[in-house]
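Student: Hi, I have a model open and would like to talk it through. Could you help me read it?
Tutor: Happy to, let's take a look together.

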Amino acid sequence: MTCQDYKNLMMAYIDGELEAEAKKTFEEHLQSCKECSDEFKEFKQLKQHTDEIKFTEPEERIWEQYWQNVYNRTERATGWILFSIASILLLAYGGFKAIEAIIRDPSVGLILKAALLILIAGAAVLFVSVLRERIYFWKNDRYKDVRR
Amino acid sequence: MNGTDNQILQARSSAAMFETCVMKYMKDSYRIALGFCGNHQDALELSQEAFLKAYRSIRHLQNNDKFFPWFYQILRNLCFDYMRKKKTQAAQPLDEITSEKLMQNNFDPEAIAERNETKEIIWKAIGQLDEKHREIIILRHFLNQSYEQIAKNLFCSKGTVMSRLYYGRRQLKEILSTMKGGH
């Protein structure tokens, strides 16, 4: 075994995760290797200091309200989804009706009508292009079926 | 995980059952987030956000016994995103960072109990670790998880846990010596 192997074992030794036999092997190595022995002392001290750090416990009311906060978030997220779907539908319907009214209105000039139609055609091309790209990437995403 | 998790998750769409799950893991979730972000408010926000995401995608969980490791992946990804947004000094090579800069991160000393100078310095130093090393320190020291539990949560071997702990603690030691060098 190299010193690097012993360094990984050093962590398990410090954390009390070593079996008796491996523990003995490690202790024997420490007696014969000054570098590992010095490093071991430093790591042991660091672990002790780090273990002493404990978090301040939040007030009890935080835990009492915790679930309610999570629940409120799930409820609001559902609300936002419904609101967004309805807004898109209403906007699409309103937009369609407005465009229809403009096209049928004889008082609106031909240039304005043509510009409006070109604008709609441009938006449609952009939409189809983005949608096609998304579908292509989704189909070729090697990780889409990865589940834990 | 245990039978309770199984029972909880059999009724996946039930808010009441999910509530039990949240109540069971909320403190661990908060502590993990606190270890990543270093302050109470953001930790609370991140941990709750993780539960919301978990609720939305619980259908993807195929093995009910693995609720916590699965949930942990959601939480850590949120915390990593948070860290990337906040990251400024950590991207610099260690020798270019002064001790003053190291002490100026958003790791709030008030997050730790029975404060003293040593604890505050170590806490600030943890705030300078990169995400993988900080993660292993959090799981080992603040959640007091065994190597086996850590390996399960990180989907890796015990050998990888040992190795990451070694490099994590070594990085922590280097940051601490840079900090002390400035005093």
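Student: How many salt bridges are there between chain A and chain B?
Tutor: The count is 7 between chain A and chain B. Keep in mind that this is a predicted model. Over all chains, the search of the whole structure finds 19 salt bridges.

Student: Which residues meet in a salt bridge with a side chain of the other chain, say with A:Arg73?
Tutor: A:Arg73 pairs with B:Glu49, at 3.0 Å from N to O. Another pair is B:Arg31 with A:Glu57, at 2.9 Å. B:Arg31 lies in helix H2 (residues 15-37) of chain B and A:Glu57 in the loop between H3 and helix H4 (60-104) of chain A, so this pair joins two chains.

Student: How much area do chain A and chain B bury between them?
Tutor: About 4,300 Å², and 65% of that is on carbon and sulfur atoms. The contact takes 36 residues from chain A and 53 residues from chain B.

Student: Switching to chain A, how many helices and strands are there?
Tutor: Chain A has 5 helices and 0 strands, and along the sequence the pattern reads α-α-α-α-α. Of its 148 residues, 25% are buried. Its accessible surface comes to about 11,200 Å², with 62% belonging to carbon and sulfur atoms.

Student: What does A:Asp15 meet in a salt bridge?
Tutor: That would be A:Lys47, at 3.4 Å from N to O. The pair links distant parts of the chain, 32 residues apart: A:Asp15 is in the loop between helix H1 (3-14) and helix H2 (20-32) of chain A, while A:Lys47 is in helix H3 (residues 34-52). A:Asp15 counts as buried at 9% relative accessibility, and A:Lys47 counts as buried at 15%.

Student: Which residues are linked with that pair in a network of salt bridges?
Tutor: The network links A:Asp15 and A:Lys47 with A:Glu17, A:Asp51, B:Arg140 and B:Arg169.

Student: And where do A:Lys97 and A:Glu100 lie?
Tutor: Both are in helix H4 of chain A, 3 residues apart, which is about one turn of the helix. A:Lys97 is partly exposed at 37%, as is A:Glu100 at 27%.

Student: New topic: how many disulfides are there over all chains?
Tutor: The search of the whole structure finds 0. For A:Cys33, the nearest cysteine sulfur is that of A:Cys36, 3.6 Å away, whereas a disulfide needs the two sulfur atoms within 2.5 Å. B:Cys79 is in no disulfide either, as its nearest cysteine sulfur, that of B:Cys37, is 6.6 Å away.

Student: Are those cysteines buried or exposed, starting with A:Cys33?
Tutor: A:Cys33 counts as buried at 12% relative accessibility. B:Cys79 is buried as well, with a relative accessible area of 0%.

Student: What makes the nonpolar surface patch of about 380 Å²?
Tutor: A:Phe127, A:Val128, A:Leu131 and A:Ile135 make that patch. A:Ile135 is found in helix H5 (residues 110-139) of chain A and counts as partly exposed at 41% relative accessibility.

Student: Last one: what does B:Glu131 touch?
Tutor: Leaving out residues up to four places away in sequence, B:Glu131 touches B:Phe36, B:Phe80, B:Met83 and B:Arg84. B:Glu131 lies in helix H7 (residues 131-142) of chain B and counts as buried at 18% relative accessibility.

Definitions and conventions
Residues numbered from 1 in each chain as written. Chains lettered and ligands numbered in written order. Predicted model: local features only at pLDDT ≥ 70, side-chain atom pairs only at ≥ 80, totals over all residues. Heavy atoms only, no water. Buried < 20%, exposed > 50% of the residue type's maximum accessible area, 1.4 Å probe, protein only. Patch = residues over 30% accessible without salt bridge, like charges linked within 9 Å, V, L, I, M, F, W, Y side chains within 5 Å. Areas by Shrake-Rupley, 256 points an atom, 1.4 Å probe, with all protein chains shown as cover. Salt bridge = Lys/Arg side-chain N within 4 Å of Asp/Glu carboxyl O. Helix = DSSP H or I, 4+ residues; strand = E, 2+ residues; numbered from the N terminus. Contact = heavy atoms within 4.5 Å. Buried area = accessible area lost by both parts, 1.4 Å probe.
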